[in-house]
Amino acid sequence: MPTHDFERAGTPGRTPASQAAAAAGRLAGVSFDVSADAYGRFMGQYSEPLAVQFADLAGVRSGQRVLDVGCGPGALTAELVRRTGAGAVSAVDPSASFAAAVRERLPGVDVRRSSVEQLPFPEGVFSAALAQLVVHFMADPVLGLREMGRVTRPGGVVSACVWDHAGGRGPLTAFWRAVQDLDAAADDESDLAGVREGHLAQLFAQAGLGEPEVATLTARVRYASFEHWWEPFTLGVGPAGSYVASLTADRRAALRERCWQLLGAGPIDISAIAWAATIRA
Ligand SMILES: C[S@@+](CC[C@H](N)C(=O)[O-])C[C@H]1O[C@@H](n2cnc3c(N)ncnc32)[C@H](O)[C@@H]1O
């Protein structure tokens with residue numbers, strides 16, 4: 001039983017354990033076995049620019065050996081390769097399609113199909129272990145962060161960033177607002193691990209990593225039209241894509257209409273803010 005909690009302030013009647021179970025149960029249907037192209041059109045637009053800031057924050061530079069945890073199709077991996085060279089980068093992800101995409105995109109990177117909770121590396125081999133937009137999808141975030149610490153050398157860096165979903169400043173805020181306007185009982189992503197203020201730092205401390213430095217990172221994306229914004233939600237990626245895929249055609253049309261009412265015809269500018277926590281061991 002993990003010792004951490006996913007409790008959201010002001011969620012009466014839900015214990016940390018029941019909330020964690022609810023979040024884990026909901027994510028059981030969420031798939032990242034989607035194509036790299038679908039992911040790129042949905043979240044890659046944000047994670048590519050975010051990766052540059054995140055690598056800056058972690059101080060990644062030439063001469064280091066670095067690990068990208070939950071690499072997806074390789075937004076951060078590519079930035080790490082740019083800074084250190086492919087031979088100095090390892091990347092892990094449980095998704096077969098994403099691992100294959102990174103192997104193809106970035107030859108020379110050591111890509112493994114693995115979960116963070118059981119990293120296939122000995123202790124202390126990396127100068128930096130980074131997880132971009134992954135903590136909230138980990139089966140056990142405390143264990144995952146602890147593993148990142150285990151494989152990082154003394155004096156190295158462990159860093160993670162996660163969208164501020166709970167603060168309504170993530171890239172999917174307008175979408176989840178429209179969902180809840182039509183279906184008040186629907187779960188958004190605001191109760192997941194790390195997505196509310198202070199929670200990433202709490203998880204780092206629970207993982208035995210100490211008190212991290214906390215910062216925010218911002219990714220800005222412009223969509224030429226409402227259609228450019230909506231279409232990626234229909235590709236089945238992550239909790240939002242799974243939600244859309246679960247709807248009947250009528251309910252999907254109603255959700256699209258509600259989003260249109262909130263956002264208009266476009267262009268649509270989204271500023272997405274991520275919490276980042278970094279520990280220099
Ligand atoms: C939102 S994506 C982020 C991908 C990439 N880091 C980026 O910034 O674009 C979340 C990723 O976490 C991976 N993931 C989910 N559970 C994981 C776990 N337990 N350990 C490692 N990765 C996991 C998913 O397969 C997916 O690739």
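Me: Is Ser271 buried or exposed?

Reply: This is a predicted model, and in it Ser271 is exposed, because 10 other C-beta atoms lie within 10 Å, and 12 or fewer counts as exposed. The residue sits in strand E7.

Me: Which residues is Ser271 in contact with, leaving aside its neighbours within four places in sequence?

Reply: Ser271 is in contact with Thr218 and Arg220. A distance in sequence and a distance in space are separate things to read. Ser271 and Pro171 are 100 residues apart in sequence, yet their C-alpha atoms are 7.0 Å apart in space.

Me: How much of the contact in the protein is between residues 24 or more positions apart?

Reply: Among contacts with a separation of 6 or more, residues 24 or more positions apart account for 74%. The protein has 281 residues, and buried residues make up 46% of them. Its secondary structure comes to 10 helices and 7 strands.

Me: Where is Leu235, and is Leu235 buried or partly exposed?

Reply: Leu235 is in the loop between helix H8 (226-230) and helix H9 (238-246). Leu235 has 19 other C-beta atoms within 10 Å, so it is partly exposed; a buried residue needs 20 or more. Not counting residues up to four places away in sequence, Leu235 touches Val34, Ala38, Arg41, Phe42 and Gly241. From Leu235 to Ala245 there are 10 residues in sequence and 8.1 Å in space, C-alpha to C-alpha.

Me: Which residues have the most contacts inside the largest nonpolar core?

Reply: They are Phe54, Leu130 and Val162, in a core of 70 residues. Helix H2 (residues 36-58) gives the largest share of this core, 9 residues. As for Phe54, setting aside residues up to four places away in sequence, it touches Leu76, Leu130, Gln132, Cys161, Leu217 and Ala276. Another core lies apart from the largest one and has 11 residues, including Phe175, Phe233, Val244 and Leu255.

Me: How are two packed helices described?

Reply: Two numbers are used: the angle between the axes and the distance between the axes. Take H2 and helix H3 (residues 75-84): the angle is about 35 degrees, and the axes are 8 Å apart. Their crossing is right-handed. On the H2 side the contact is made by Gly44, Ser47, Glu48, Ala51, Val52, Phe54 and Ala55, and on the H3 side by Ala75, Leu76, Glu79, Leu80 and Arg83. Sorted by class, the contact of H2 with H3 has 7 nonpolar, 2 polar and 3 charged residues.

Me: At what angle do H5 and helix H7 cross?

Reply: The axes of H5 and helix H7 (residues 199-206) cross at roughly 65 degrees and come within 8 Å. H5 and H7 are therefore roughly perpendicular to each other, as angles of 65 to 115 degrees are counted that way. H5 passes H7 in a right-handed crossing. Pro141, Val142 and Leu145 of H5 make the contact with Leu203, Phe204 and Gln206 of H7. By class, these residues divide into 5 nonpolar, 1 polar and no charged.

Me: How are H6 and H10 placed relative to each other, and which residues meet?

Reply: The axes of helix H6 (residues 173-182) and helix H10 (residues 249-263) cross at roughly 125 degrees and come within 9 Å. H6 and H10 are therefore oblique to each other. The crossing in which H6 passes H10 is right-handed. From H6, the residues are Ala174, Phe175, Arg177, Ala178, Val179, Asp181 and Leu182; they meet Ala254, Leu255, Arg258, Cys259, Leu262 and Leu263 in H10. This contact of H6 with H10 has 10 nonpolar, no polar and 3 charged residues.

Me: What is phi of Leu133 near, and where does Leu133 lie?

Reply: Most residues other than glycine have a negative phi. Leu133 has a phi near 60 degrees, a positive value in a residue other than glycine. Leu133 lies in the loop between strand E4 (126-132) and helix H5 (141-150). It counts as buried, because it has 25 C-beta neighbours inside 10 Å.

Me: Is the peptide bond from Gly266 to Pro267 cis or trans?

Reply: Most peptide bonds are trans. The bond from Gly266 to Pro267 is cis, with omega near 0 degrees. Pro267 is placed in the loop between H10 and strand E7 (268-280).

Notes
Residues numbered from 1 in each chain as written. Predicted model: local features only at pLDDT ≥ 70, side-chain atom pairs only at ≥ 80, totals over all residues. Axes fitted to C-alpha atoms, helices over the stretch in contact; angles between N-to-C directions. Helix = DSSP H or I, 4+ residues; strand = E, 2+ residues; numbered from the N terminus. Parallel < 35°, antiparallel > 145°, perpendicular 65-115°, else oblique. Left-handed = near helix turned anticlockwise from the far one by under 90°. Contact = placed C-beta atoms within 7 Å. Nonpolar A, V, L, I, M, F, W, Y, C, P; charged D, E, K, R; others polar. Core = buried A, V, L, I, M, F, W, Y, C linked by C-beta atoms within 7 Å.
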